[in-house]
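Colleague: I would like to learn how to read contacts and packing in a model. Please take me through some features one at a time.

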Amino acid sequence: MKIPLSNRLLACCGFVRPGDRVADIGCDHGYLGIHLLKTGIANRIIAADVNEGPLQSAMRNGLKFGVRDKMTFFLSDGLRNVPRDFDTLVCAGMGADTMISILEAAPWLKDGRYRLILQCQSRRPELRRYLYEQGFRILRETLAQDGKFLYPVMEVGYEPAEPLTPGGYHISPALLASGSSLLGAFYERVKDALETTVNGLRHSGSEKLPEFEAILKEIQEMETLIYGERG
Ligand SMILES: C[S@@+](CC[C@H](N)C(=O)[O-])C[C@H]1O[C@@H](n2cnc3c(N)ncnc32)[C@H](O)[C@@H]1O
């Protein structure tokens, strides 16, 4: 029986170190943890969700795929009811506001022994900025594609570092260094979105225009790094 795992979640699994104890927060169907157990990457999974329905679905799927006994389930808002004896936190498929509120409520994650694998659905620059302000650093970042959607996936550690540049919160140095074959397509989408924002701000006469013009310029300057010298 094949686990219906998206490329997005597969990319999250790609950052899990073999043998790590993994806590999947917002596990929903539980497929990420089930895949990690079935492939032997992880031996135990903490599966947590704030809603009863998704948690029940993760339990059913754990049984269906024969790994229920290696999973522990917690009905929990973020990490509130979750034990701290794991190595890697995975948070996928949520927006930046939810992720930030989960991290805010668990300051004990600011410890070099934890690694965070984050796949954020919205307002990603704000999440990256928040992480750096809190002393986290993006260790690795890659991209996954499902259908027409491109998803950045980050591996993050508590390792205070220099803040990123404003453009770096849109396309991080770690993503630039990733060698992902999807980087060109992602770059075009980020650039198009910023151009739309800048045009909108220009028309409305917003005071935010200079800030976004500078970000767009920085992103445009990444073009050579991404495509090499052209023509
Ligand atoms: C869109 S689903 C993503 C599921 C899975 N992680 C994935 O990426 O496919 C979001 C899940 O997060 C759960 N969730 C939302 N806010 C949460 C919170 N504060 N703590 C724990 N789970 C949460 C929802 O109930 C839902 O099951």
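Modeller: Two residues are in contact if their C-beta atoms, placed from the backbone, lie within 7 Å. The model here is predicted.

Colleague: Which residues is I171 in contact with, leaving aside its neighbours within four places in sequence?

Modeller: They are L176, Y187, V190, I219 and M222. I171 itself sits in the loop between β7 (149-158) and α6 (173-176). Its C-alpha is 9.9 Å from that of E218, a residue 47 places away in sequence.

Colleague: Is I171 buried or exposed?

Modeller: A residue counts as buried if 20 or more other C-beta atoms lie within 10 Å of its own. I171 has 25 within that distance, so I171 is buried.

Colleague: At what angle do α1 and α2 pack?

Modeller: Angles from 65 to 115 degrees are roughly perpendicular and those under 35 roughly parallel. Helix α1 (residues 7-14) and helix α2 (residues 31-38) pack at about 50°, their axes 10 Å apart. That is why α1 is oblique to α2. The crossing of α1 past α2 is right-handed.

Colleague: Which residues meet there?

Modeller: From α1, L9, C12 and C13; from α2, Y31, L32, H35 and L36. By class, this contact has six nonpolar residues, one polar and no charged.

Colleague: How many residues surround the ligand?

Modeller: There are 17, the closest being G26, D28, P54, A92 and G93. Two or more residues each come from β2 (45-49), β4 (88-94) and α4 (96-104). β4 gives the most, with three. The shell divides into nine nonpolar, five polar and three charged residues.

How values were computed:
Residues numbered from 1 in each chain as written. Predicted model: local features only at pLDDT ≥ 70, side-chain atom pairs only at ≥ 80, totals over all residues. Axes fitted to C-alpha atoms, helices over the stretch in contact; angles between N-to-C directions. Helix = DSSP H or I, 4+ residues; strand = E, 2+ residues; numbered from the N terminus. Parallel < 35°, antiparallel > 145°, perpendicular 65-115°, else oblique. Left-handed = near helix turned anticlockwise from the far one by under 90°. Nonpolar A, V, L, I, M, F, W, Y, C, P; charged D, E, K, R; others polar. Near = placed C-beta within 6 Å. Buried ≥ 20, exposed ≤ 12 C-beta atoms within 10 Å, placed from the backbone.
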